[in-house]
Amino acid sequence: MIIRQVSYVAATLLAGLAFGAQAETLVLYTSQPNADAQSTVDLFSKANPDIKVEWVRDGTTQLMARLEAEISAGAVKPDVLLIADSVTMESLKQRDLLQAYLSPERKAYDGALYDADGHYYGTKLITTGIAHHSQAAVKPESWQDLLDPRLKGQVSMPSPLYSGAALIHLASITETPGLGWEYYEKLKANDVSAQGGNGAVLKAIASGTKPYGMLVDYMAIREKAKGAPIEFVFPQEGVSIVTEPVGILKSAAHPEAARRFVDFVLSQAGQELVREQGYVPALESVSVPEGFPARSEIKLLPFDAGQALRDAESNKRRFGELFGTK
């Protein structure tokens, strides 16, 4: 009996060790809001119970500073990145820090939303448009409407010196015929102020201190749903987009788990979660959240991540000369 009990215990321990050997730990660095990051990890873990996820959440700038420190120390920790913008991903790609992975899920996506070699994939569409206080006298429909003399001193925008979305918006606007840098010069002449990040712009619009502004869509639409006096407009000329891309580090210690994570966020289930979180999914077959217009009514401004990366420093410098660095 004792021998049998010992054998049973040994077998149980061996089975546990075998299970532990099969389990993987995926390390994720993400700039998603905490609640969104948690729901993403929870649903992925439910679908992949054999993978344990450790995740770190911070702003993209802070995460990149952390990653740079790890690179310098020769101790890169994350397997996969899920961060705000494609310009940052393009920079990592050009430095040969990302590995190519041709996810089978990519076939359902517009080719403009992912790197052709599979180094990174857009997971959602976060647009920058016009927001205004619901009681504002003027109801803008176009980017040109923000130049209306009646709005002088009443418009704010996030600064591309602080916001990645604002830097992408700047790159999109300045490359659009009929807008360009001349548009920003006219904004300056109309006393438009750079408020820092999108959160500051939202606060200014909702409080009425600056009743008009450039803002990312989900902030305005979420706050309106909560009862805030704010409206969001998709301008006639189009909107810029941030795609919150996902990519795998070339140094990933758990590449198979990382590939499964990429497949998950691009899958039907992953994209339905994006909608539940309140964003426009990158996958066209998934409907938009409540409060958004039909996908066909959202016109996107053209954007080239590679060109935006090449122009980033000169664009920031020129913006700072025009609007100041504070």
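Before starting, one term: helices here are DSSP runs of H or I with at least four residues, numbered from the N terminus. Keep in mind that this is a predicted model.

**Exercise 1.** Find how many cavities of 30 Å³ or more the model holds, and how much space lies in the largest cavity.

*Solution.* Start with the count: three cavities reach 30 Å³ or more. Next, take the largest cavity, which holds about 80 Å³ of space.

**Exercise 2.** Work out which helix gives the most to the lining of the largest cavity.

*Solution.* First, list the lining: Q32, T40, L82, T123, K124, F264, V265, G270, Q271, L273, V274 and Q277. Helix 10 comes out ahead, giving four residues.

**Exercise 3.** Sort the lining of the largest cavity into nonpolar, polar and charged residues.

*Solution.* Gly counts as polar in this scheme, and G270 is in the lining. The classes then come to five nonpolar, six polar and one charged.

**Exercise 4.** Describe the second largest cavity by its volume, lining and residue classes.

*Solution.* Its volume is about 70 Å³. Around the second largest cavity sit T128, M157, P158, P160, A166, H169, L170, Y184, M214 and F319. Helix 5 (residues 164–174) provides the largest share of this lining, three residues. Finally, sort by class: eight residues are nonpolar, two are polar and none is charged.

How values were computed. Residues numbered from 1 in each chain as written. Predicted model: local features only at pLDDT ≥ 70, side-chain atom pairs only at ≥ 80, totals over all residues. Heavy atoms only, no water. 1 Å grid on protein atoms, 1.4 Å probe; cavity = no way out; pocket = protein on both sides within 12 Å on 5 of 7 lines; lining within 4 Å. Points joined across faces, edges and corners; volume = space filled by probe spheres on them. Helix = DSSP H or I, 4+ residues; strand = E, 2+ residues; numbered from the N terminus.
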